[in-house]
Amino acid sequence: MFQPTNMMEGQLHPLDMTQNTSESEIARLREEEFDSTKSGSENHEGASGDDQEQRPNKKKRYHRHTQHQIQEMEAFFKECPHPDDKQRKELSRELGLEPLQVKFWFQNKRTQMKTQHERHENTQLRTENEKLRADNMRYREALSNASCPNCGGPTAIGEMSFDEHHLRLENARLREEIDRISAIAAKYVGKPVVNYPLLSPPVPSRPLELAVGNFGAQPGIGGGEMYGPADLLRSISAPTEADKPMIIELAVAAMEELIRMAQVGEPLWMTSLDGTAAVLNEDEYVRTFPRGIGPKPTGFKCEASRETAVVIMNHISLVEILMDVNQWSTVFSGIVSRAMTLEVLSTGVAGNYNGALQVMTAEFQVPSPLVPTRESYYVRYCKQLGEGTWAVVDVSLDNLRPSPAVRCRRRPSGCLIQEMPNGYSKVTWVEHVEVDDRGVHNLYKQLVSTGNAFGAKRWVATLDRQCERLASVMATNIPTVEVGVITNQDGRKSMLKLAERMVISFCAGVSASTAHTWTTLSGTGADDVRVMTRKSVDDPGRPPGIVLSAATSFWLPVPPKRVFDFLRDENTRSEWDILSNGGVVQEMAHIANGRDTGNCVSLLRVNSANSSQSNMLILQESCTDPTASFVIYAPVDIVAMNVVLNGGDPDYVALLPSGFAILPDGTSLHGVNIGEAASGGSLLTVAFQILVDSVPTAKLSLGSVATVNNLIACTVERIKASLSCESA
């Protein structure tokens, strides 16, 4: 009948009593309990206090709570496991108990609950452990029974996977082809050609087939009709050990020069006539920095500019973007057509990029086939100047590898980054190059000479717009009042990632990069159509087959803002889009990704006028900043877009982007931005990509070329007619 007191529900715990009250209080409590037993309570058992005194060796029997008392305290425990003094007194008065009895009951109850909880957790952990052990045994058994996909024999743990084996075989094959072509090139160039590591081996062009190449591959060592005889980027190797001390010394001197160039005013930097820009005083520059990378080569022009802006990104993230070649070339895809790190001389100290040193190559572009790209071989150096202040500088290493093919030298250029409150950063950008710009078409000479094509203003404007875009990817407070706004966070990220890939693909394929060769179809005018074909094989991001690219650039007597608004508006799309076949274009969904309403990603539906034709979906990104605007689009599969909108992987959506690049013509006032009511006209580049045959090995027909030529010519005429009517 009796059990040890610490095992019985609702009893006072003698140990707890000794820890929580004095001996006199315990004695008084016990006397009162035994007095209550004398009164004949039905819940008291055993002998009276006198009997116990006569039998001191008998175990004392304490008060057991009634079922009602226990139920009341259980209910109160669920609401409040830790009652205060006032609550305990009130509860004891209601239940006819002493406050200390109530106190000890709650202590015991809490201990009991803790024990039960720990027991439950132990059971769960034991179950999970058994499950992991079983999985481990299953995997071990599967690995022990694995067989080689080539020979069917057993394979051991740690051997390469099937896919990795194929990649290694492919890599070996490509290396052999690189060596073969390098040997051929050496006969003509006079020295071995070291392949540009990020690119596939160059394929000799075939003029009769419009220089057919591969997507991802960069066909032709030659640069095309008006570009140099060799691709500089492919002929550059990593620096030797003997070069490294010189590179470090050059980088340190370049950092000092950049800091002064970013901070000093007159007489080094003079104010332009209209008071809106800083102009470098070249004589003062030579006096201030007598060392450096040597005198300006004959025939080269100096381009120097400085620009400051506050961007919505913290300083650490900005440094990471600039020091990671993949992030950097993605953020600046409108300016950087190709880039890679040849060698990392230092990764920095203390877990960040302070002191990081990288030897790099890059190709800088304007989105038009009429402006030659600028190739550069340089070192990039990052340094923390103080708390919240960083600097990243580039300087050319061409003096280590003298070459007559060099048409651009980067004197110390880069940016100063200062931390600002609320996750913002102040960026001061300095761009200082010496360049042979004789290959620039007359249409673009004014734009290039003003610095708006390659200068600091374009870098800063692009960075500012891309920071807003990245901020929109992370946004969670999406307003739901507008119809068509995508609020699903995973869907937003997938759609923005897909649009980003579309923009990068468009920008890489529209410039005069030496990675591909354009063929001019007619005459020598500025708005001639240039075409090239490429093979798409085993690329999930592009439809397989022969793809024909066509591009042309021309001038419009209309401000860039008006051209941009006309081309991005779905309501005016039928005025120029021949492929929509007169159908009504409707915006189904959109994602705003910048302060300007023109910066957005849209999903458009073309409702065909012919009911027998299925409706078409178009993914479009429009973006604008003070130096350039883009409207880029691509037809997309309805099923694939449903996957993307639900947060699926966008990498397997096949895209063939077409679109427009809109630049100011350089004749407007220097201080007027593209988004303002500017005087002057626009330089518009139109580029199409069309799948002309789904079989990659097929021959290109002249009929396909004629069709694409007519398509782009008709589109240009429609744009000119619509905008001239608006102007009138």
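Modeller: Helices here are DSSP runs of H or I with at least four residues, strands are runs of E with at least two, and both are numbered from the N terminus. The model is predicted. On that basis the protein has 17 helices and 20 strands. P267 falls in the loop between α8 (244-263) and β2 (269-271).

Colleague: What makes the bond that joins E266 and P267 cis?

Modeller: Omega is about 5° for the peptide bond between E266 and P267, and the bond is cis. Most peptide bonds are trans.

Colleague: What is said of the phi of N422, which is not a glycine?

Modeller: The phi of N422 is positive, at about 60°. Most residues other than glycine have a negative phi. N422 belongs to the loop between β10 (413-419) and β11.

Colleague: Why does N422 count as exposed?

Modeller: Exposed means over 50% relative accessible area. N422 has 75% relative accessibility, so it counts as exposed.

Colleague: And why is D436 called buried?

Modeller: Buried means under 20%. The relative accessible area of D436 is 15%, so D436 is buried. D436 sits in the loop between β11 (425-435) and α12 (442-449).

Colleague: Which residues does D436 touch, not counting those up to four places away in sequence?

Modeller: D436 touches G299, F300 and R407.

Colleague: Why is the pair of W328 and W459 called stacked?

Modeller: The count of aromatic pairs comes to 12. In the pair W328 and W459, the ring centres are 6.2 Å apart and the planes are at 5°, so the pair is stacked. Centres must lie within 6.5 Å to pair, and planes under 30 degrees apart count as stacked. The pair links distant parts of the chain, with W328 in helix α11 (residues 325-331) and W459 in helix α13, 131 residues apart. W328 is buried at a relative accessible area of 2%, and W459 counts as buried at 3%. Ring pairs also join W328 and W459 with F332, F364 and W429 in a cluster.

Colleague: Where is T462 found, and why is T462 called buried?

Modeller: T462 is in helix α13 (residues 456-474). Its relative accessible area is 5%, so T462 is buried. Leaving aside neighbours within four places in sequence, T462 is in contact with V331, F332, I335 and D625. A polar atom of the T462 side chain lies 2.8 Å from the backbone oxygen of R458.

Colleague: What makes α14 oblique to α16?

Modeller: Helix α14 (residues 489-510) packs with helix α16 (residues 638-645) at an angle of about 125°, and their axes are 7 Å apart. That angle makes α14 oblique to α16. Roughly perpendicular covers 65 to 115 degrees, and roughly antiparallel starts over 145. The contact involves G491, S494, M495 and L498 of α14 and M641, V644 and L645 of α16.

Colleague: How do you know that R573 lies over the face of Y633?

Modeller: The distance cut-off is within 6 Å of the ring centre. R573 is at 4.3 Å from the ring centre of Y633. The charged end of R138 sits over the ring of Y139, 5.4 Å from its centre.

Definitions and conventions:
Residues numbered from 1 in each chain as written. Predicted model: local features only at pLDDT ≥ 70, side-chain atom pairs only at ≥ 80, totals over all residues. Heavy atoms only, no water. Buried < 20%, exposed > 50% of the residue type's maximum accessible area, 1.4 Å probe, protein only. Polar contact = N/O pair within 3.5 Å; in protein donor to acceptor, adjacent residues only side chain to side chain. Contact = heavy atoms within 4.5 Å. Phe/Tyr/Trp six-rings, centres within 6.5 Å; stacked < 30°, edge-to-face > 60°. Lys NZ or Arg CZ within 6 Å of the ring centre and 35° of its normal. Axes fitted to C-alpha atoms, helices over the stretch in contact; angles between N-to-C directions. Parallel < 35°, antiparallel > 145°, perpendicular 65-115°, else oblique.
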